[in-house]
Amino acid sequence: MAILKFTASAVAAQITHARSCSTFLPNWNGPIDKPALILIVGNGVHLRSNGIDGSTTRIVTTEQSDPSLAFANGINPFRDSDWMARRQMAFRDLTGQFYTDFLDDVQTLIDRGQGAIRLATDGHSIRVFVRRASDFLIGGTYEVPSGLGGTFRVVLKDACDTFAIVQNCGNCADFDAMQPYRVPLDALKELEDRRAA
């Protein structure tokens, strides 16, 4: 799992642009009728509005970038000399456009005063990642290898960029009574993908 970090003010500007438009870039399934954010992986990694306002004829592309877009920290070709290596660490050889459905989730974090927006990616899926459970109700059920040849079902209590704090849940009473503990982020396997604000 890779964590992409964006400056909240830059993402907020893209959300504002998307919400000011009445026409939107289509996704792979056809026309879109609502504002959204698109993650572009190509010449850097950036979030941009899906809105079309007539002020530019540029289309979404992985070949060119605009320095005013919301670039991921460390993956900005206008500022970071090692941006390509960092992009490959997060996405391997994948490039292209990822149409997201988390605009409202990100707006909630911005409204709560979050200074940075973090997205978690496994190279194929993108989801909002939060620093503390109090920032956003993470919820969901995860699986963690036990080291004893099996797995525990857990709930995510808290997290940072490198590890998570989890609590056993849905196992036998003895295991569920254990105190929360730390696990590497890569050890989590999500069983349910439902977030609530």
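The model is predicted, so local features need pLDDT of at least 70 and side-chain atom pairs count only at pLDDT 80 or more, while totals for chains, interfaces and linings use all residues. Residues are numbered from 1 along each chain as its sequence is written, and side-chain values use heavy atoms, with hydrogens and water left out.

A word on terms before the sheets. Helices (H or I, at least four residues) and strands (E, at least two) are DSSP runs, numbered from the N terminus. Two strands pair if DSSP finds at least two bridges between them.

I start with the three-stranded sheet. Its order is β1-β8-β9, it is open, and the pairing is antiparallel. On average, neighbouring strands here are turned by 35 degrees against each other, direction ignored. For angles in general, axes are lines fitted to C-alpha atoms, for helices over the stretch in contact, and the values run from 0 to 180 degrees between N-to-C directions.

Six bridges hold the antiparallel pair β1 and β8, and Thr 7 has Ala 116 as its bridge partner in β8. Between β8 and β9 there are four bridges, again antiparallel, with Leu 119 opposite Val 128 in β9. α1 packs on this sheet, touching β1 and β8, and its direction makes about 75 degrees with that of β1. Contact here means heavy atoms within 4.5 Å. As for β1 itself, Ala 2, Leu 4 and Phe 6 make up its covered face, and Ile 3, Lys 5 and Thr 7 the uncovered one.

Next, the four-stranded sheet. The order is β6-β4-β3-β7, also open and antiparallel. The edges are β6 (70–71) and β7, each with a single partner strand, so one side of each lacks a neighbour in the sheet. β3 and β4 run antiparallel and are joined by six bridges; Val 41 has Val 45 as its bridge partner in β4. α1 lies across β3, β4 and β6 and runs at about 40 degrees to β4.

Now α1 as a helix. The arc is taken from the directions from the helix axis to the C-beta atoms. Buried means under 20% relative accessible area, exposed over 50%, and partly exposed in between, with a 1.4 Å probe and protein chains only.

α2 covers residues 83–91, and its buried residues are Trp 83, Arg 87, Ala 90 and Phe 91. These sit on the same side of α2, because their arc around the axis is only 75 degrees. They pack against β1 (2–7), β3 (37–42), β4 (44–49), β7 (96–99), β8 (116–121) and β9 (126–129). The helix lies across β1, β8 and β9, at about 125 degrees to β1.

What follows α2? Arg 92 lies in the loop between α2 and β7. Its phi is near 55 degrees, a positive value in a residue other than glycine. Arg 92 is partly exposed, at 44% relative accessible area.

Asn 50 is in another loop, between β4 and β5 (51–52). Asn 50 is buried, with a relative accessible area of 2%. A polar atom of its side chain lies 3.1 Å from the backbone oxygen of Lys 34. Beyond four places in sequence, the contacts of Asn 50 include Ala 18, Phe 24, Ile 32 and Ile 38.

Last, Val 183, in β13 (residues 181–184). Val 183 is buried at 6% relative accessible area. Not counting residues up to four places away in sequence, Val 183 touches Val 144, Phe 163, Ala 164, Val 166 and Leu 188. Val 166 is 17 residues away along the chain, with 7.3 Å between the C-alpha atoms. Ala 164 is in β12 (residues 163–168), and counts as buried at 0% relative accessibility.

Conventions. A polar contact is a pair of N or O atoms within 3.5 Å; within protein, one must be able to donate a hydrogen and the other to accept it, and residues adjacent in sequence count only if both atoms are side-chain atoms.
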